Every structure is written in C-alpha cells, then in structure tokens.
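Let's take a walk through this model, starting with its charged pairs and moving on to rings, strands and surface.

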Amino acid sequence: MLDRTPSNLDTAAEATLRAIGIASGHYSARALHLVADLGLADLIGSDHVSCSQLAATAGVDERALLRILRMLAPHDVFVEAEDQLFTLGLVGHALRSGGPFDAATAVRMLARSGMWAAADNLAESVRSGAPTLESRRNKPLYQADAPDRADRLAAAMAAFSAGLHERVATDWDFSSASLVVDVGGSTGLLLESVLRANSHLGGLLFDRPPTADLAERRLAAVGLADRCRVIGGDFFHAVPAGGDVYVLAHVVLDWGDSDAVRILANIRHVLGPQGRLLIIEPISGEAGSELHAGMFDAILMTATWGGCRSRQEHGELLARAGLTLRSVTPLGRIASLIEAVVAD
C-alpha cells in the first residue's frame with residue numbers, strides 16, 4: 001500500500017517534478033538556441049537592459065521574449081535585477097562573442113535540424129545500436145566537406161572542451177618530450193596551450209585538409225608558426241612520424257571499434273619504444289564525470305558509431321593495436337587523460 005505520510009508525499013512530489021523537468025528539457029534547449037541565434041548575450045553585454053528595449057533591438061515580441069528570459073533565469077542565463085530589467089548570468093556571459101570559449105557556436109550546432117532529428121530517433125538507435133544521424137548523412141558526422149563547416153565544427157568542439165586544454169598542458173609532464181603530434185588536432189587550440197606552457201616543445205598538427213588549412217592560419221596568427229608545423233591528411237591511412245608524444249583528443253570516441261583500432265594502429269606504427277600516446281576524452285563509469293560523459297555519450301549514440309568507453313574497453317582497443325594502457329589521469333569533470341605505450 002502507498003505510504004501517504006507527509007514526508008513520503010513530499011519526496012514523491014519532488015521526484016515527480018524532477019521527472020517533469022527532465023521531460024520538458026527540450027523547451028529549455030530550444031529557448032537557449034533562440035537566445036544564441038538572436039545574439040541576445042551580445043545585445044545585453046555588461047549592461048542592464050529592459051525587456052522592451054531588448055525586444056525592439058532583436059525585432060521580437062516583447063511579452064514573448066519576457067517569458068523566455070524568465071524561463072532561462074533559473075539556469076543562470078539571465079538575471080532579472082528589477083522588474084523586466086535584465087543582465088546576463090554566468091551562462092549568458094559564456095554565450096557572448098569574443099569569449100575564451102565559443103559556447104554560442106556549440107549551442108547553434110546542437111540546434112541544427114539533423115541533431116534534433118537524431119534525438120527524435122533515439123529509440124531507434126537504442127533498438128538497433130546504429131546512429132540515425134550518420135546513417136541519414138551517409139558519411140561520418142565529423143567529415144567536414146567545406147572550410148566553413150570545418151570552422152563551425154572546430155569552434156563547437158572547442159566549446160565542448162572548455163577549460164580542458166589548459167589542464168592537459170599543465171597536468172601532464174611534457175619535460176622529456178621534444179615534439180608533440182596532435183592527431184585530429186582541429187584548429188590547434190590544444191596544441192597552442194601545450195606549446196605555450198612548455199617553451200621547449202615543438203608541435204605538429206595533423207588533420208583533414210579543410211581543417212588543417214584553418215589550423216595553419218590560426219597558429220600563424222597566434223605567433224606559433226615557427227614552433228608548429230601543420231600537415232593535412234587522413235589518419236585512417238597514416239600519421240606523420242617523428243613525434244615522441246602523440247595526442248588524440250576527442251577522436252577515439254567518434255569511431256566504432258574497428259575504425260578506432262585502425263587509427264591507434266597507425267600511431268603504433270610510428271611510435272618509438274619510449275614514445276607516449278595520450279588519449280583525452282570522457283571515460284564511461286569514471287567517478288566525477290558521469291554527467292558530462294553521459295550527455296556526450298547520448299549525442300554520440302545517435303550521431304556516430306563511437307561512444308564513451310570504459311577504462312577496460314580502452315585497454316582492450318589499445319591491446320588490439322599493439323599498445324598498453326599505462327595510466328589514467330582525471331582532468332576535472334569533462335575528460336580524463338589515458339597514457340598508452342608500445343606493448344612489450
């Protein structure tokens with residue numbers, strides 16, 4: 001018989017409201033996408049702006065906008081300082097242009113119709129084990145065909161890795177290394193952080209040609225052209241030799257087991273006896289990173305053949321490629337660093 005004591009009913013009511021909150025989360029997500037599309041964070045900036053003024057500038061209905069602003073206030077996107085007078089909360093500031101991490105671009109990427117269609121077909125992915133988005137595109141999600149798409153994808157992935165690059169640069173000991181090769185290194189944000197924190201290092205960034213072109217321009221613009229080379233290519237065919245530390249950041253999780261082993265085996269082919277491979281990504285089942293890994297894994301399940309793997313699964317993949325998992329270092333709540341070496 002149901003326990004209807006006040007304490008039990010309070011607990012049940014709280015749990016029910018939490019369930020409803022999760023189930024209605026798509027409204028919060030859509031509202032945040034709208035905020036990013038309208039550029040509301042840039043329109044408010046560091047000021048206090050009335051809803052009427054903001055609506056007039058953005059070209060939207062004032063009453064409807066007020067409802068959106070108040071809906072997102074509990075999520076720290078906006079703060080209502082006075083009646084209908086708003087400033088940005090912590091999350092809102094992250095959506096501003098020119099910040100250290102391009103959160104708005106990541107939000108816009110997640111708002112694309114294909115991503116919503118993939119989420120709508122989550123049940124299909126659960127039943128079949130296949131990614132609905134990648135199946136419909138007939139090509140990998142991360143295969144950027146044009147420079148503009150490569151640029152957007154790189155910016156979005158940088159936001160997903162917010163704060164991670166600096167942790168890698170300082171938490172792992174690069175003192176004995178001379179050349180770091182970032183395989184699938186996007187536009188070079190991680191490699192830039194590593195090189196700036198370790199003045200003795202040289203770098204080599206390897207990625208598909210559209211992204212490699214962007215990386216070369218960006219690294220030159222930040223003054224690292226003399227310390228870092230950029231090579232375009234395909235890590236399924238081969239990776240550049242000569243490095244004593246190789247990095248795969250948010251790469252292995254994008255691919256199914258057989259493709260992941262191909263990438264790892266190509267690195268094993270050029271990795272010397274004293275070389276190190278660093279895999280940086282969320283690990284399934286690791287304490288402290290469950291929320292981020294779970295969210296990322298759900299996206300990957302519908303969008304790619306990859307996913308967040310456990311420590312044991314990483315070890316098994318590495319072994320198939322002739323490598324041995326040596327250690328795992330947590331990097332805050334969004335990722336861990338797996339160090340691998342050539343198998344005996």
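## Salt bridges

Count up the salt bridges here and you get 10, taking a salt bridge as a side-chain nitrogen of Lys or Arg within 4 Å of a carboxyl oxygen of Asp or Glu. Before going further, note that this is a predicted model, where local features need pLDDT of at least 70, side-chain atom pairs count only at pLDDT 80 or more, and totals for chains, interfaces and linings use all residues. Residues are numbered from 1 along each chain as its sequence is written, and side-chain values use heavy atoms, with hydrogens and water left out.

One of these bridges joins glutamate 80 to arginine 70, with the closest N and O atoms 2.8 Å apart. That pair ties together distant parts of the chain, 10 residues apart: glutamate 80 is in strand E2, and arginine 70 is in helix H5 (residues 62-72). Helices (H or I, at least four residues) and strands (E, at least two) are DSSP runs numbered from the N terminus. Glutamate 80 is partly exposed at 30% relative accessible area, and arginine 70 is also partly exposed, at 35%. For these labels, buried means under 20% relative accessible area, exposed means over 50%, and partly exposed lies in between (1.4 Å probe, protein chains only).

Arginine 218 and glutamate 192 form another salt bridge, with 2.8 Å between the closest N and O atoms. Here the link runs between helices: arginine 218 sits in H14 (residues 209-221) and glutamate 192 in H13 (residues 189-197), 26 residues apart. Glutamate 192 is buried, with a relative accessible area of 14%.

Aspartate 259 and arginine 262 also meet in a salt bridge, at 3.3 Å from N to O. Both are in helix H15 (residues 257-270), and because they are three residues apart, about one helical turn separates them. Aspartate 259 is partly exposed at 23% relative accessible area, and arginine 262 is partly exposed at 39%.

Three strands make an open sheet in the order E1-E3-E2, with antiparallel pairing. Strands E1 (49-50) and E2 (78-82) are at the edges with a single partner strand each, so one side of each has no neighbour in the sheet. Strands count as paired if DSSP finds at least two bridges between them.

E2 and strand E3 (residues 85-88) run antiparallel and are joined by four bridges. Glutamate 80 has phenylalanine 86 as its bridge partner in E3.

## Aromatic pairs

There are four aromatic pairs. Rings of Phe, Tyr and Trp (its six-membered ring) pair if their centres lie within 6.5 Å; planes under 30 degrees apart count as stacked, over 60 as edge-to-face and the rest as tilted. Phenylalanine 235 and phenylalanine 236 make an edge-to-face pair, 5.1 Å centre to centre with 85 degrees between the planes. Phenylalanine 235 is buried at 13% relative accessibility, and phenylalanine 236 is buried at 16%.

Phenylalanine 235 also pairs with tryptophan 255: the ring centres are 6.2 Å apart and the planes are at 90 degrees, so this pair is edge-to-face. This one spans loops, with phenylalanine 235 between strand E6 (228-232) and strand E7 (245-249), and tryptophan 255 between E7 and H15, 20 residues apart. Phenylalanine 235 and tryptophan 255 are both buried. Through these ring pairs, Phe235, Phe236 and Trp255 are linked into a cluster.

## A buried histidine

Which helix holds histidine 314? Histidine 314 is in H17 (residues 311-320), and counts as buried with a relative accessible area of 1%. Leaving out residues up to four places away in sequence, histidine 314 touches Val252, Ile279, Glu281, Arg309, Leu325 and Ile338; contact means heavy atoms within 4.5 Å.

## The whole protein

Overall, the protein has 17 helices and 10 strands. Buried residues make up 45% of its 344 residues. Of the contacts with a separation of 6 or more, 65% are between residues 24 or more positions apart.

The accessible surface is about 16900 Å², with 54% of that belonging to carbon and sulfur atoms; areas come from the Shrake-Rupley method with a 1.4 Å probe, and for residues only the protein chains shown count as cover.
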